[in-house]
Amino acid sequence: MTFARPACLCLLALFSTPALAAAPTTAGPAAAPLDLAALIECRQRVADYDAVAPVVADPLKAVANGMQPLPQNNQFMSEYRLATPLTVFGQRTEYVAVSGASIMAILDVADPRPMARTLALEDGVDNPDKFMAGREVVSRDVTDPRTGEPMIESIILSLSTVKTHPGKTLAGCTYSLDLPAEEEAPADTPAPPAGTLPPSVNTPPGGR
């Protein structure tokens, strides 16, 4: 069911020359650190989540944001150990995961159902091997700053379990921009051929 997205200083010193040292610097201000708790609890926007991709793509930037990359135990997500534990949804954790448009805390919660009820989530999958629940907390009309196209900003809160992490619950948020749905055709108008509707720009990842 889909719910309706100090190391740098060492390098500079290594390649410095007197001529470069005398030249004026034009570097812009350093990027603000990620607010992981706000991102995980769906208190940010898609534009804020855009800052996550360059951080997780560069181990040095990840470490600078207090995120130590860990071995990838699940092919669908990258995991990190936090230098400073954080508290989200009333639970303390030192592990987070990133998967496409989603950022999640890895919580020591064996049964996610009570938390799902507290967060008023809708059950998507509930069986002994897999649990997924979520709800869309934000759906607003926006304009894509890159193309000028009208879009729908969707922010979805979800909980899930994965086989690679027994006894854990993944809790977090998916940030996405989606194309607006086309208006429904009149009853006497033939339906368009299959596959003609535009796909979502960013689709929340499915169960793993």
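These notebook entries record what I looked up in a predicted model of one protein chain.

**Entry 1: Ground rules**

I worked with a predicted model, in which local features need pLDDT of at least 70 and side-chain atom pairs count only at pLDDT 80 or more, while totals for chains, interfaces and linings use all residues. Residues are numbered from 1 along each chain as its sequence is written, and side-chain values use heavy atoms, with hydrogens and water left out.

**Entry 2: The chain as a whole**

I began with the secondary structure and noted seven helices and eight strands in the chain. Helices (H or I, at least four residues) and strands (E, at least two) are DSSP runs, numbered from the N terminus. I then looked up burial, where buried means under 20% relative accessible area, exposed over 50%, and partly exposed in between (1.4 Å probe, protein chains only). Of the 208 residues of the chain, 35% count as buried. The accessible surface of the chain is about 12,700 Å², and 57% of it belongs to carbon and sulfur atoms. Such areas come from the Shrake-Rupley method with a 1.4 Å probe; for residues, only the protein chains shown count as cover.

**Entry 3: The disulfide**

How many disulfides does the structure hold? I found one disulfide, a term that stands for a pair of cysteine sulfur atoms within 2.5 Å. A disulfide is a covalent bond between the sulfur atoms of two cysteines. Here Cys42 is joined to Cys173, with 2.1 Å from S to S. The link of Cys42 and Cys173 is right-handed, with 120 degrees about the S-S bond. Cys42 lies in the loop between α3 (36-40) and α4 (46-49) and Cys173 in strand β8 (residues 169-178), so the pair ties together parts that are 131 residues apart in sequence. Are Cys42 and Cys173 buried or exposed? I noted that both Cys42 and Cys173 are buried.

I next followed the pairing of strands; two strands pair if DSSP finds at least two bridges between them. Strands β2 and β3 run antiparallel and are joined by seven bridges. Val88 has Gln91 in β3 as its bridge partner. Two residues lie between the strands in the hairpin of β2 and β3, where Phe89 takes a positive phi near 55 degrees. β3 also pairs with strand β4 (residues 102-107), in the antiparallel sense and over four bridges. There, the bridge partner of Val96 in β4 is Ala105. The hairpin of β3 and β4 likewise has two residues between the strands, and in it Gly100 takes a positive phi near 60 degrees.

**Entry 4: Gln91**

Gln91 counts as partly exposed, at 29% relative accessibility. Leaving aside neighbours within four places in sequence, Gln91 is in contact (heavy atoms within 4.5 Å) with Leu86, Leu107, Val109 and Met115. The C-alpha atoms of Gln91 and Asp108 are separated by 8.2 Å, the two residues being 17 residues apart along the chain.

**Entry 5: Salt bridges**

I counted a salt bridge as a side-chain nitrogen of Lys or Arg within 4 Å of a carboxyl oxygen of Asp or Glu. The structure holds eight salt bridges. Glu94 forms one with Arg81, the closest N and O atoms being 3.1 Å apart. Glu94 lies in strand β3 (residues 91-99) and Arg81 in strand β2 (residues 78-88), so this pair ties together parts that are 13 residues apart in sequence. Both ends are partly exposed: Glu94 has a relative accessible area of 26%, and Arg81 one of 38%.

Asp144 and Arg146 meet through their side chains in a salt bridge of 3.3 Å, N to O. Asp144 counts as buried at 7% relative accessibility, whereas Arg146 counts as exposed at 67%. Another salt bridge brings together the side chains of Glu41 and Arg43 (3.0 Å, N to O). Glu41 is partly exposed, at 24% relative accessibility. I also noted a network of salt bridges that links Arg45, Arg140 and Glu153.

**Entry 6: The nonpolar cores**

A nonpolar core is a set of buried Ala, Val, Leu, Ile, Met, Phe, Trp, Tyr and Cys residues joined through side-chain atoms within 4.5 Å. Which residues touch the most other members of the largest nonpolar core? Among its 39 residues, these are Met67, Val88, Phe89, Ile103 and Tyr175. Not counting residues up to four places away in sequence, Ile103 touches several residues, including Leu36, Tyr49, Val98, Cys173 and Tyr175. Apart from this core lies another, of six residues, among them Met77, Ala97, Ile106 and Val162.
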